[in-house]
Amino acid sequence: MESPVDTLRDLASRLGAAVTSVLAGDDVRGLSDADLRALLEVAGDIGRRSDALVIEATAQVAVRSEIGAIAERFTTRHGARTVAELVQRTTRVSGQVARSFVRAANAVAQPVAITTGQALPAAFPAMRAALADGVVGVDAVAAVASAIDGATRDASHRHAADEELAASARGIGADRGGMAAGPLPCADELRAQASVWAMYLDPDGAEPADAAAMRRRGLTFGRARDGVIPLRGELLPDVAGQLQRLCDSILNPKNRTAGPSFRPDPEPGDDDGMARHPPTSAPARSGSTTRWPRSCRSPPGRASCPRSAAPRRRSSCRSHAMTSPRAAAWPTSTASTPRCRSRWRDRWRAPAVCSVSCATSAGE
């Protein structure tokens with residue numbers, strides 16, 4: 001019995017010879033308008049059927065990569081970390097397209113029952129049939145699956161949307177007994193139709209993952225390495241937004257002539273040339289002999305800081321970290337926890353959480 005791979009390889013060889021013959025000559029340029037449009041339709045049909053083969057193969061790769069032992073997984077044995085990476089390397093598509101293949105494979109793959117070994121229906125059986133017939137490609141399947149899966153977990157609702165969208169992809173109406181309802185939609189139009197179905201199935205939108213976000217939030221200081229301490233973590237949107245506004249208050253180009261800015265007169269011991277004085281809102285006077293930090297050669301209002309955004313953002317956070325302890329709402333402690341001393345108040349203050357620091361800095 002001939003293997004499907006051999007059959008498809010022979011077909012690919014003949015298709016390659018035909019494409020080479022067409023491109024080598026001047027046949028396309030001499031086509032009529034009707035033939036040129038027909039050529040586009042045929043090429044699109046070949047591409048959609050090729051997508052169906054890649055999606056089906058991707059589904060099997062995903063099944064063989066779900067083995068518990070990492071060393072025995074299909075992806076590991078072929079030098080890839082994930083299924084998307086294996087598809088990307090094998091088919092030589094972009095990472096985004098490879099992830100679309102994986103998403104489409106999860107939608108139209110037929111799982112196998114563990115007890116009986118029989119193939120179970122796919123999550124989107126109608127879209128699978130349309131994919132096998134060359135009606136839709138990977139873009140349409142991935143768009144429909146992403147929209148509907150994010151709106152409902154009910155199988156009956158998903159199947160209803162699946163049947164209607166697959167019928168729309170064929171240019172017929174599911175409620176008209178297979179009668180023609182309009183022209184064939186493209187992938188973007190199917191995505192729009194799937195979005196309408198998603199709003200109908202879930203009018204309130206996706207449920208916010210507040211509980212998961214509260215568990216994941218945190219801030220971690222790493223060990224000192226090469227003179228720096230790595231900082232990693234995840235912030236809630238309100239804290240991150242407040243911190244971003246604090247950085248913008250100094251890094252905004254409009255504040256180079258007045259308002260918070262990089263401070264002059266660096267003192268010995270500053271690690272980055274930042275002064276230890278509170279920020280001032282007074283504009284720089286013409287003819288001033290003020291010495292500015294090395295990292296910011298020119299005073300505000302004359303030239304922009306030559307450093308990239310990351311070190312300037314770090315300097316902004318340092319400025320707020322030095323000025324925040326002046327706030328009356330800053331907690332004080334006499335315990336033996338790691339502490340920092342305020343230059344403007346003769347007292348020791350324990351570090352506070354990021355949200356308190358952002359709030360007190362913004363209030364000054």
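## Buried residues, core and helix packing

Thr75 lies in helix H3, residues 74-77; helices (H or I, at least four residues) and strands (E, at least two) are DSSP runs, numbered from the N terminus. The model is predicted, so local features need pLDDT of at least 70 and side-chain atom pairs count only at pLDDT 80 or more, while totals for chains, interfaces and linings use all residues. Residues are numbered from 1 along each chain as its sequence is written, and side-chain values use heavy atoms, with hydrogens and water left out.

Thr75 is buried, with a relative accessible area of 3%. Buried means under 20% relative accessible area, exposed over 50%, and partly exposed in between, for a 1.4 Å probe and protein chains only. Ser100, found in helix H5 (residues 95-108), also counts as buried, at 12% relative accessibility.

The table gives contacts (heavy atoms within 4.5 Å), not counting residues up to four places away in sequence.

| Residue | Contacts |
|---|---|
| Thr75 | Val61, Ser65, Ala80, Arg81, Thr82, Val83, Leu86 |
| Ser100 | Val138, Ala142 |
| Val141 | Ala104, Ala107, Val108, Met127, Leu131, Val136 |

Val141 is among the residues with the most contacts inside the largest nonpolar core, which has 38 residues; the others are Ile55, Phe124, Met127, Leu131, Val136 and Val144. Such a core is a set of buried Ala, Val, Leu, Ile, Met, Phe, Trp, Tyr and Cys residues joined through side-chain atoms within 4.5 Å. At least two residues of this core come from each of H2 (33-64), H4 (83-91), H5, H6 (125-132), H7 (138-149), H8 (155-169) and H9 (187-201).

H8 and H9 pack with their axes 11 Å apart, at an angle of about 155°, which makes H8 roughly antiparallel to H9 (over 145 degrees; under 35 is roughly parallel, 65 to 115 roughly perpendicular and the rest oblique). Axes are lines fitted to C-alpha atoms, for helices over the stretch in contact, and angles run from 0 to 180 degrees between N-to-C directions.

On the H8 side, His157, Ala160, Ala161, Glu164, Leu165, Ser168 and Ala169 meet Leu190, Gln193, Ala194, Trp197 and Leu201 of H9. By class, this contact has eight nonpolar, three polar and one charged residues. Ala, Val, Leu, Ile, Met, Phe, Trp, Tyr, Cys and Pro count as nonpolar, Asp, Glu, Lys and Arg as charged, and the others, Gly among them, as polar.

Overall, the protein chain has 13 helices and four strands, and 29% of its 364 residues count as buried.
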